Amino acid sequence: TKFCGECGPPLPDTSAGLDGTLMDDDESSASAAVRPLDGTLLDEPDGVDGGVAPRPVGATAVSDRYEIVEELGRGGMSVVYRAREKKLHRDVALKQLLPHLAQKEKAVARLMAEARAVAGLQHSNIVSVYEVGESDAGPFIAMELVAGRDHKPLTLEEKIKTDGPLDESDAVDLVQKLCRGVQHAHDCRIIHRDIKPSNILL
């Protein structure tokens, strides 16, 4: 049994990333769902997409509730779109498995574990999950979308590359918010194992 080095309680043998993705020791860590400023969950760490072409956007519908607007990002397992929720007239971040994984039991189980984990976290610095559903392309997660710049998500890594290092007060504020989100997840027995600038969205 493993124990938390900070507060002492035993930890589960298999940890879940803060985005809820169950991770085996030989798999890459999950991406951050922490929203230190105004971020939203995107995807797993960058990876090859297996040559899968991007899904058409515009009038493409996902179930009877969402319409794809544009692709926001993709990783080795999934792709995230900006989608329009038709009944409530709001934009969401909609995460779907890449087509070659949508029928694989393990990949679907990981996506559902992610949704359950994040849905159980209620915190101002952690993105909200609205629902999970099924479409012709496979299961999806509909999540809160908070645009950081030009109505699109912005990572801390991108901000530093564009604007240079944060000044001291902004850096302190960012780290405090990040720590509050991570602490809340830790209190809920969910551990994040890949916190880095490219996984923090503003």
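Which residue forms a salt bridge with Asp173?

**View 1. Asp173 and Lys177 within helix 3 of a predicted model**. Asp173 forms a salt bridge (a side-chain nitrogen of Lys or Arg within 4 Å of a carboxyl oxygen of Asp or Glu) with Lys177, the closest N and O atoms being 3.2 Å apart. The two residues are four apart in helix 3 (residues 168–187), and so are separated by about one helical turn; helices (H or I, at least four residues) and strands (E, at least two) are DSSP runs, numbered from the N terminus. Asp173 is partly exposed at 29% relative accessibility, the class between buried (under 20% relative accessible area) and exposed (over 50%), with a 1.4 Å probe and protein chains only.

**View 2. The salt bridge of Lys95 and Glu114**. The N to O distance in this pair is 2.9 Å, and because Lys95 lies in strand 6 (residues 90–97) and Glu114 in helix 1 (residues 105–119), the pair ties together parts that are 19 residues apart in sequence. Lys95 is buried, with a relative accessible area of 0%, and Glu114 is buried as well, at 1%.

**View 3. The hairpin of strands 4 and 5**. Strand 4 (residues 66–74) pairs with strand 5 (residues 78–85) in the antiparallel sense over seven bridges, where pairing requires that DSSP finds at least two bridges between the strands. Three residues join the two strands, and Glu67 stands opposite Arg84 in strand 5.

Residues are numbered from 1 along each chain as its sequence is written, and side-chain values use heavy atoms, leaving out hydrogens and water. In this predicted model, local features need pLDDT of at least 70 and side-chain atom pairs count only at pLDDT 80 or more, whereas totals for chains, interfaces and linings use all residues.
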